[in-house]
Amino acid sequence: MRRKPIELAAVATAAVPGLTPTAVSSAPDDAADFDSALLLDSEGKRWRVRSPRHAEASARLETEFLVLRAFAPGIRAELPFLMPTVAGSVRLGALSTFVYSHLAGTTRSVEELTAGPDQLAREIGVALAAIHDLPHALVSNADLPSYTPNEFRQRRLNELDQAATTGKIPPSLLRRWEHALEDVSLWRFNPCVVHGDLHEDNLLVDGHRVTAVTGWTDLRIGDPADDFAWLVASNEQDFVDTVLSSYTESRRDAPDKHLLRRAALSAEFALAQYLVKGIAAGDDAMISEAEGMLETLASDIAEHGGQAISVEPLPSASAPGGAASGGAVPAGTASAGQEADDGGAGHSAAAPASAQGYPAADPGIAGVTPLVVQPVTVVPIPAPVLPAVQVTPIPADEPAPEDGHAGADSPSDVPSADDTSTAAITIIDVKS
C-alpha cells in the first residue's frame, strides 16, 4: 500500500522531534521500492522522507544508514559533492522510514544530462573517480560486501543460471552473456569502492555542477564498471567518452581497458535481473515489460551486432565446435569508429535505471582488435512516470514562512546542506 506525501509528513514528525511541516510534495525515487516526499518546515528548512514498500527495501535503508554513519566528517570534506545526513527514523511494523536533511540540487533525466555541456559530463567523471578512490577500510569497517573478480564472475554466472530457469530469456542472449562471463581476460581489474546503485536519480545537479550523490544502499568493494552501466546505456558515445576521460584523469589508479565492455554487459544483463525481480514479486506487468525488452535486445543484436561485451569473439554456428549465434554478430566486436584499445566504449543495448553489480580484480591485459559493426538501437527501461509536483499545504499552529518558499521545489529555493556530520538517530516505535 502506497503512502501519500501528506502521510509521510506525519511520519516525519514522529521521526524528528520538533519538526513542524508546513508544505509537502512528492519526490523522485524508485517507485517499486520506496515512497518519497519533500517537506518544508516552519523554519524554511527542507527534508526528504523515504518509506520502504517491502522488507528488502527497508533493509537497504538500514544499510544506507550504516554507510552514511561510516562517512566521517573528514572523509566527507574531501569529496567534491555533498552526501545525505540522516536526521531520524521511525519504525512502522517491520519497516523503517528515514528522514534526511535535504540537499541542494535537482535530479535530471538521462536525456538532459547527455544534452548538457561538457563541463557537466566532466563533473560526473570527477564524482565517479572520487567514489572509486575512497579507502577500502570504509567498506570493510562497516562490514559491507567485498568481492574479488572471480567471486563476482561466479556470482553473475549463478544469476545467469537463475535467469535461464525462467525460460523467458532468448537463447542468443544466454549464449552471448555466458561467453562474456567465461572470457577470463575480461575480468582482470582492480577492485575498488563502488556506489552500486548509481544512476541519474541519485545525482543532484545545480547548473553545470554535481552538488550531491544519494542512494547509498549498495556500497561495496567490487567492479568499478557497475557504476558505468547507466552511462553506457545512454547510447550517447560523446557523453560517455567525456565522462570517462575526466574519470581517468581524476582517478589515482588507471582504469583497465575493458571497463566499458563489462559496463555494457552489466547494462544488458540488468534486463534479466529486472525479469527475475518481476517474477519474484509476481508482477505480471513488470514481467511482460522485461520479456518485451529482452526480445527487442536480442533482435537488435542479431541485426546490428550489438555492443562489445567481451574480448574474444563469440564463436559462430559455422565455427568448429562453436555454438549457434542466433544471428548475432560476434560479441567481441566494437561500435563504429571505436578504437581497439578504448575498453569497449560504444552504444549499449539496454538497461533499467539501476543495474546491480558486485566485485573487482586486477590489471587488464592486451586487448584484441575488434571488428567494426553498426550501433544497436537502445530500448531502456522506462523510468517511473511521476505526477506533476502538487504542493499540499499542511495546517499548522504557525503560518507558513512569508518568503514564499512553502512547497517550492526549484533548485534556487533549496538551501545548501551545511551539516556534513551524521547525527545519531532515535528509533521510535509507532503502533499501528
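Biologist: How many salt bridges are counted in this structure?

Modeller: The count comes to 17 salt bridges. A salt bridge here is a side-chain nitrogen of Lys or Arg within 4 Å of a carboxyl oxygen of Asp or Glu. This is a predicted model, in which local features need pLDDT of at least 70 and side-chain atom pairs count only at pLDDT 80 or more, while totals for chains, interfaces and linings use all residues. Residues are numbered from 1 along each chain as its sequence is written, and side-chain values use heavy atoms, leaving out hydrogens and water.

Biologist: Why is the meeting of lysine 277 and aspartate 33 called a salt bridge?

Modeller: Their N and O atoms are 3.3 Å apart, and the limit is 4 Å, so the pair passes the rule. Side chains of opposite charge can pair when their charged atoms come close.

Biologist: What makes lysine 277 and aspartate 33 a link between separate parts of the chain?

Modeller: The salt bridge joins lysine 277 to aspartate 33. Lysine 277 is in helix H11 (residues 259-281) and aspartate 33 is in the loop between strand E1 (21-26) and strand E2 (34-41), so this pair ties together parts 244 residues apart in sequence. Helices (H or I, at least four residues) and strands (E, at least two) are DSSP runs, numbered from the N terminus. The two residues also belong to a salt-bridge network with Arg60, Asp197 and Asp218.

Biologist: What makes glutamate 64 and arginine 50 a salt bridge, and where do they lie?

Modeller: Their closest N and O atoms are 3.6 Å apart. Glutamate 64 is in helix H2 (residues 55-70) and arginine 50 is in strand E3 (residues 46-52), so the pair ties together parts 14 residues apart in sequence. Glutamate 64 counts as buried because its relative accessible area is 2%, and arginine 50 counts as buried because its value is 7%.

Biologist: How do you know that glutamate 268 and arginine 176 form a salt bridge?

Modeller: The N to O distance between their side chains is 2.8 Å. The pair links distant parts of the chain, 92 residues apart, with glutamate 268 in H11 and arginine 176 in helix H8 (residues 171-182). Glutamate 268 is buried because its accessibility is 0%, and arginine 176 is buried because its value is 2%.

Biologist: Why is H7 called oblique to H11?

Modeller: Two packed helices are described by the angle between their axes and the distance between the axes. Helix H7 (residues 149-164) and H11 pack at about 50°, with axes 10 Å apart. That angle makes H7 oblique to H11: angles under 35 degrees are roughly parallel, over 145 roughly antiparallel, 65 to 115 roughly perpendicular, and the rest oblique. The axes are lines fitted to C-alpha atoms, for helices over the stretch in contact, and angles run from 0 to 180 degrees between N-to-C directions.

Biologist: Which residues make the contact between H7 and H11?

Modeller: H7 brings Arg156, Glu159, Leu160, Gln162 and Ala163, and H11 brings Ser266, Phe269, Ala272, Gln273 and Val276; contact means heavy atoms within 4.5 Å. By class, there are five nonpolar, three polar and two charged residues. Nonpolar covers Ala, Val, Leu, Ile, Met, Phe, Trp, Tyr, Cys and Pro; charged covers Asp, Glu, Lys and Arg; the others, Gly among them, are polar.

Biologist: Where is serine 146, and how do you know how accessible it is?

Modeller: Serine 146 is in the loop between helix H6 (136-141) and H7. Its relative accessibility is 44%, so it counts as partly exposed. Leaving aside neighbours within four places in sequence, serine 146 is in contact with Glu151 and Ile221.

Biologist: Why is aspartate 143 placed in its accessibility class?

Modeller: Aspartate 143 has 72% relative accessibility, so it counts as exposed. It sits in the loop between H6 and H7, and has a positive phi of about 60° although it is not a glycine.

Notes
Buried < 20%, exposed > 50% of the residue type's maximum accessible area, 1.4 Å probe, protein only.
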